[in-house]
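Here is a short briefing to read alongside the model.

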Amino acid sequence: MRDNPVDAEVPSHRLLVRAGYIRRAAPGGYTWLPLGWRVYQHVAEIIRQEMDNMGAQEVNFPAMLPREPYEASGRWTDYGDNLFRLQDRRKVDFLLGPTHEEMFTLLVKDLYSSYKDLPLSLYQIQTKFRDEARPRGGLLRGREFSMKDSYSFDIDDEGLQQSYDAHRNAYVRIFERLGLPFAIVSAMSGAMGGSKSEEFLFPCEIGEDTFVQCTKCDYSANTEAVRVGAPAAIDSKSTPRAQVFDTPATPTIQTLVDLFNSRADLQRKDRQWTTADTLKNVVVNLRHPDGRIEALAIGVPGDREVDMKRLEAQVSPAEVVPFDDTHFAAQPKLVKGYIGPNALGLAHSTGVRYLLDPRIADGSEWITGANAAGKHVAHLVHGRDFTADGVIDVAEVRDDDTCPSCASALIIKRGIEIGHVFQLGQKYAEVLGLSVLDKNGKAQTVTMGSYGFGVSRAVAAIAEATCDDIGLRWPHAIAPFNVHIVMAGKEDALITDTANNLAQTLDSQGIRVLLDDRVGVSPGVKFKDAELIGNPIIVVVGRGAANGVVEVRDRLTGLASEVAIADAVAHVKSACATS
RNA sequence: CGGGGAGUGGCGCAGUUGGUAGCGUGCCUGGUUUGGGACCAGGAGGCCGGGGGUUCAAGUCCCCCCUCCCCGACCA
């Protein structure tokens, strides 16, 4: 295919379509063509081998599942619109599996009943369905995609930790074998439930996940899960007492700071005021799962926004909904634009729960709202003049924020989430009644882990990681073929025989060979196609054949060398072995 | 779900004041060519996203719907 498909923006997607690996078949659904399917199988096989190595056993569930187990776990409703639901002819509800915690839990419940059967790890490589609001980047985010999902079952937390570590280590090996760079970041568990979880990200500009990495130590976390360290307390003995000022015409924090810097009675002697000296109080509503609405005020330094993603991750399962004018009307003591700490808190008149960003150090002084229109208060000291009901870490994260582990600078990166490992704990085992008898004959609820790995997404990520301007560049372990033989130049018996013999010999020795024997196609076209398809070695059988040589090219480095026909097989084999 | 863009042969696109659809590429046939996207000749292929309307006449004008892409929201 000579022209790029116009509806593909992401390079790997464009190339995979153009080179004939995949083809869109439905919104968010892709057909694997022969080249693509070979790549997919290679990736799946590497995953399979590493899962088997760590002692997991492969099974396979149907994709179409009954409603009841998901009803029991709450996910029939919790998954919301992202769940594909359907009914059979008798109007019985089914779903297309988005992930299989419930089914695995029930399987183990059916099959096992003793602690002697544990630990146990089961996995499958299977098509998953999620009705994504916005599929993107071809294989990167589909509504139908292939995932390896595994589940561990242990009698206690120690066992879970071991199973978790085993999976984590297996994932490290899989990434290494796939040749895919990765970062392991702390993450929030989200709708999956459970406690500890880590994501395996492929760092990449087009990624949809944002994470931070420490420039010094190995701390790394999804921005939702970042925890900033609390600064040391500040001695406020010499801080002036709090004072209220009229601050007309200060609709934004910047205008407020400008006013303070321009008025002699408000200026600081040592430096200019900045937006970071102000305390911004944001009020939202939380909708709890039981339907209860609760107002929540959050205090952050004025130079930062509240990151809604981080907030939602923190307050989950409650949902964040806006605190709009009707809510302000119902709370006359909250003066929109001038909300100050002294109106907030469970102990205060409004009774609105008030949580502070951890950066608001004990003893620090602030310019903030005075709870009256047109008035702000300065020198308001945390701990001396106001207190909050607790701490919440939801301010936006920035480059150069400090690492919670070593206090060095953090940097922000983007990545594609390929794997996610969870310590689920007993959530699913409890609601589905999975327990085994322990040594004392007593029923113990099993504790579980869940481990996802996006297989189709990994294919796209590898393509993204390795491609260049002119095409794909697969590593040997993944490539559809090891060698792409191009017959170039005027067709004659020597060239045809040399190419065919070479292909047959390599094939018989276990090398995967693609032979381009199209007639009447000019050499330039064949070269371009070979480069686009991206197998790691390209062998050109052409005019050199008359002199007893062929050209061997390395697609990755672009280096080419002439090799005697007699040595070609050995040369290619060693190239396959070393790269 | 909000904002923006776009739907015309496989792919990339053009189509004027409304007049019955064209170009490039790919495909088929024959011939010439053969180391970096060759050339000549002949050919096949289109419910112009869908429905309704205006009109003698609609790819083009009007209304409704659908789909795709990008940004956001959401999401292992």
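The side chain of Thr250 has a polar atom 2.9 Å from the backbone oxygen of Thr247, a polar contact (a pair of N or O atoms within 3.5 Å; within protein, one must be able to donate a hydrogen and the other to accept it, and residues adjacent in sequence count only if both atoms are side-chain atoms). This is a predicted model, in which local features need pLDDT of at least 70, side-chain atom pairs count only at pLDDT 80 or more, and totals for chains, interfaces and linings use all residues. Residues are numbered from 1 along each chain as its sequence is written, chains are lettered from A and ligands numbered from 1 in the order in which they are written, and side-chain values use heavy atoms, leaving out hydrogens and water.

**Around Thr250**
- Thr250 sits in the loop between strand S13 (243-246) and helix H7 (253-262); helices (H or I, at least four residues) and strands (E, at least two) are DSSP runs, numbered from the N terminus.
- With a relative accessible area of 7%, Thr250 is buried (buried is under 20%, exposed over 50%, partly exposed in between; 1.4 Å probe, protein chains only).
- Leaving aside residues up to four places away in sequence, Thr250 touches Thr255, Leu256, Leu259, Tyr338 and His376, where contact means heavy atoms within 4.5 Å.

**Aromatic pairs**
- Rings of Phe, Tyr and Trp (its six-membered ring) pair if their centres lie within 6.5 Å; planes under 30 degrees apart are stacked, over 60 edge-to-face and the rest tilted.
- The count comes to 16 aromatic pairs.
- Trp32 and Tyr40 have ring centres 5.0 Å apart and planes at 45°, so this pair is tilted.
- Trp37 and Tyr40 are stacked, at 4.6 Å centre to centre and 10° between the planes.
- Trp37 and Tyr40 are about one helical turn apart because they lie three residues apart in helix H2 (residues 34-53).
- Tyr40 is buried at 9% relative accessibility, while Trp37 is partly exposed at 38%.

**RNA strand B**
- Met147, Gly489, Lys490, Glu551 and Arg553 come nearest of the 47 residues around RNA strand B (near means a heavy atom within 4 Å).
- A side-chain N or O atom of Arg18 is 3.0 Å from a base oxygen of RNA strand B.
- For Arg130, a side-chain N or O atom is 2.6 Å from a sugar or linking oxygen of RNA strand B.
- Helix H13 gives the most to the surface near RNA strand B, with seven residues.
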